[in-house]
Amino acid sequence: MMKSLQELTRPNIWSLAPYSSARNEYAGREARVFLDANENPYNQPFNRYPDPLQLELKAALSKVKGVPAANIFLGNGSDEAIDLPYRCFCEPGKDNVVAIEPTYGMYKVCADINNVEYRTVLLDEHYQVTAQQLLAATDAHTKIIWLCTPNNPTGNCLVREEVIKVIENFDGLVIVDEAYSDFSAQKPLRAELAKYPNLIVLNTMSKAWGCAAIRLGMAFASEEIIAILNKVKYPYNVNQLTQQQALEALKDPFEVDQWVKILLQERTRMIAAFNELPICEKVYPTDANFFLAKMTDATKIYNYLVDRGIIVRNRNRVQLCENCLRITIGTKTENNELVAALRQY
């Protein structure tokens with residue numbers, strides 16, 4: 001059974017009086033003359049502070065993601081949504097978190113920055129893990145279990161039943177990063193929020209939505225967890241340009257569906273092409289917009305590609321990814337250029 005949110009939250013954060021921004025104080029009332037925030041009255045619309053709670057954007061996202069606006073936190077990329085739970089829930093030098101290995105590197109970086117012990121559970125040869133293994137790594141001071149599905153850099157979805165078991169049997173918070181869920185056939189866990197009060201699901205505009213440059217990440221969770229994240233975030237953490245561009249992108253979700261469809265077709269074609277390369281020993285199953293390929297000599301092949309102006313990700317030094325390259329699916333032209341270069345290696 002989940003501990004109470006007060007038990008999970010750092011005492012100083014629970015009692016924190018958040019900064020009250022000028023825009024919050026009159027919320028819900030009509031205003032015409034703004035002389036409250038020491039802004040310059042000229043250079044509209046960039047002279048005004050953005051909406052600190054991004055209400056218009058959350059309303060638009062709510063329709064697309066199927067999550068009530070009150071259950072959405074927006075941040076400066078997913079990185080902010082990764083860092084904040086450490087600052088809200090983990091007492092530095094005392095608490096710990098558990099994560100799978102290998103996985104996205106920012107979970108560990110944020111743990112190290114916040115002086116929180118980071119415990120890892122190694123995936124098996126199929127890049128899977130059991131709930132039992134994860135729960136066995138926890139103790140009374142474990143506040144968070146991190147799961148990434150589809151996982152980065154492996155590309156595969158974790159077994160959903162095992163993820164559910166973790167959520168149901170852990171008394172702390174389970175954070176499931178679904179950055180690549182748009183490329184997967186697995187039903188996203190954000191649809192299950194009402195069932196699991198200890199669940200936080202991350203998502204991003206960087207991948208399927210093609211908006212990496214605007215830095216917009218999101219966290220879906222109970223209203224109570226969202227309220228704590230909002231207490232600690234910087235007052236105007238998502239700038240006006242980002243909010244405007246995200247709203248523009250959300251007007252046409254059908255275009256994104258088309259991009260995803262094309263990328264999945266290209267992914268199938270690229271995996272087939274890699275399987276025919278003499279220098280490729282194995283392509284691992286993937287549910288993302290990339291795949292992991294075991295090569296004869298990843299570092300040599302990586303450097304060869306760099307010399308030709310083609311950049312992939314060398315994962316050779318990552319545990320369980322020895323001699324592996326991570327290949328993002330690009331346009332048909334880009335993909336053809338990569339395969340052509342590898343055939344000439």
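Two strands pair if DSSP finds at least two bridges between them. Keep that in mind for this predicted model, where strand E2 (residues 96-101) and strand E4 pair in the parallel sense over four bridges.

- Follow the chain from E4 through helix H8 (residues 160-169) to E5 and you get a β-α-β unit, a right-handed one.

**How enclosed is E4?**
- Strand E4 spans residues 142-148, and seven of its seven residues are buried, so the rest of the structure largely encloses it.
- As background, side chains in a regular strand alternate between the two faces of the sheet.

- You'll find Thr204 in strand E6, which covers residues 199-204.
- Thr204 counts as buried because its relative accessibility is 5%, and the cut-off for buried is under 20%.
- Its side chain has a polar atom 2.9 Å from the backbone nitrogen of Ser206.
- Leaving aside residues up to four places away in sequence, Thr204 touches Ser78, Ala179, Trp209, Leu216, Gly217 and Met218.

How values were computed:
Residues are numbered from 1 along each chain as its sequence is written. This is a predicted model: local features need pLDDT of at least 70, side-chain atom pairs count only at pLDDT 80 or more; totals for chains, interfaces and linings use all residues. Side-chain values use heavy atoms; hydrogens and water are left out. Helices (H or I, at least four residues) and strands (E, at least two) are DSSP runs, numbered from the N terminus. Buried means under 20% relative accessible area, exposed over 50%, partly exposed in between (1.4 Å probe, protein chains only). A polar contact is a pair of N or O atoms within 3.5 Å; within protein, one must be able to donate a hydrogen and the other to accept it, and residues adjacent in sequence count only if both atoms are side-chain atoms. Contact means heavy atoms within 4.5 Å. A crossover is right-handed if, with the strands pointing away from the viewer, the path from the first strand over the helix to the second runs clockwise.
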